[in-house]
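Welcome to this short tour. Open your viewer, keep the selection tool at hand, and follow along stop by stop.

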Amino acid sequence: MGSALWHPFSDMAAVREDEFVLERGEDVWVYDTHGNRYLDATAALWYANVGHGRQEIADAAAGQLRTLAGYSIFGDFTNTPARDLANRLAGLAPMPDAKVFLTTGGGEAIDSAVKIARRYHDAQGEPGRVHVISRAQSYHGTNGVGTGVAGIEANRAGFGEFLPSSSRVPYDSVDALRDEILRVGPERVAAFLFEPVVGAGGVLPPPEGYVRGVIDVCHEFGVLAIADAVICGFGRLGTWFGVERWDAEPDLITFAKGVTSGYLPLGGVVAHGRVAEPFWERRGNTLRHGATYSGHPACCAAALANIAILDRERLVERGRIMETVLADALAPLARHPLVAEVRAGLGLLGAVELKAEVLETLPSAIADLALLVRQRGVLLRTLGKALAVSPPLTIQAEQLQEIGLALAVGLDEL
Ligand code: PLP
């Protein structure tokens, strides 16, 4: 029987009587309410980086809930897990003298980063810099800013205008960004927002030289470069914040998901010391932005325990070590007659895209394939024309092969 729960991003008329209820998780496995076991090939929604069922994280969160469940950190108030987490993340961030603003998730981190960027320019005497540029196919959550800048057109359609002063550029061209900054007028552009690897828009790795190239263009015109590492961080690309793969130094980094491996909701923004400076050095220049649960101690305690696991088990490095194993496991699918392209080889992140003519003949092909693969005990996510693969970083080589095999059989059945 269906419930009253309204599922995000879901066709409720279709799923209302047919909910898929998960009950328990252990490492790369999850179990439904009938006791069926599934290989979680997408780490839930790209976040269960240390795998499911880690008692250490549950204990850290529970211990904190018993000690001080919550107390907001506005003004001079704070708590020890929030301070410790900020220090830990600042130490890991690929930018000097970093400061950390905490949120409850990725979408709120995006709103925060863009508001910090605009207020930074305002404090520097350039209040006209409000325009935000993002990339086609990008996904930055569904809060106000994330909706306004969405590069996946369908995520903006029907909602009206959320960020009138924004525009999109093709996802693969540094020159297109330069042209757009010049078209809008550099004195009006606040920030460029980009995912190092486009995630929900199809798992699109950047062309050679792209990440460094766009940051250089931003700096040429005084535009802040915001790297959205919500998916790419915490080992997904084999580094802490994704961008280190290109030796890149953005001005702001947004993060969420893998910071707690999803055990509790948490996200945030890491700001370069230079961007934080007007707020940290000038009294009276308050960032009037924040939310009740920023720096929630139980969420921060969960994040610290999660980061300790990533560190101790060398799972961040593992994201890189296993990238070729994933690419090898998916590579044979490229020869399947229904497949247009297999994208993998950069971190534990991949996608299998179907041919356009397959989707024209059978519009439900991607959803059907996901269901066929699920019937073989593997959970995958649909991404427009593709299925995403982003397993926990603890995944073993034979389990990656199992994912490839389930997809091959599913494609044959389709
Ligand atoms: N940014 C990126 C790149 C994401 O993939 C997501 C979510 O998938 C978000 C932001 C939004 O995060 P949240 O869903 O926690 O609001």
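Helices (H or I, at least four residues) and strands (E, at least two) are DSSP runs, numbered from the N terminus. Residue numbers start from 1 along each chain, following its sequence as written. What you see is a predicted model, in which local features need pLDDT of at least 70 and side-chain atom pairs count only at pLDDT 80 or more, while totals for chains, interfaces and linings use all residues.

**Stop 1: the ligand**

Select the ligand and its surroundings. A residue counts as near a molecule if its C-beta atom, placed from the backbone, lies within 6 Å of it. The ligand is surrounded by 15 residues, and the closest are Gly 105, Gly 106, Gly 107, Gly 141 and Val 230. Now highlight helix H5 (residues 106–123), which gives the most to this shell, with 3 residues. Colour the shell by class and you will find 6 nonpolar, 7 polar and 2 charged residues. Here Ala, Val, Leu, Ile, Met, Phe, Trp, Tyr, Cys and Pro count as nonpolar, Asp, Glu, Lys and Arg as charged, and the others, Gly among them, as polar.

**Stop 2: the whole chain**

Zoom out to the protein chain, which has 15 helices and 15 strands. Its radius of gyration (taken over C-alpha atoms) is 21 Å, close to the 22 Å that the globule rule (2.2 Å times the number of residues to the power 0.38) gives for 414 residues, so the chain is as compact as a globular protein of that length. Colour by pLDDT, the predictor's confidence in each residue from 0 to 100: the chain's mean is 97, and 100% of its residues reach 70 or more.

**Stop 3**

The contact takes 25 residues from domain 1 and 19 residues from domain 2, counting two residues as in contact if their C-beta atoms, placed from the backbone, lie within 7 Å. Which element gives the largest share of the side of domain 1 that touches domain 2? Select strand S12 (347–354): the largest share, 6 residues, comes from S12.

**Stop 4: an open sheet**

Finally, find the open sheet of 4 strands, ordered S1-S2-S3-S13 with mixed pairing; two strands pair if DSSP finds at least two bridges between them. Strand S1 (22–26) and strand S13 (378–379) stand at the edges with a single partner strand each, so one side of each is left without a neighbour in the sheet. S1 and strand S2 (residues 29–32) run antiparallel, joined by 4 bridges. To end, click Glu 26, whose bridge partner in S2 is Trp 29.
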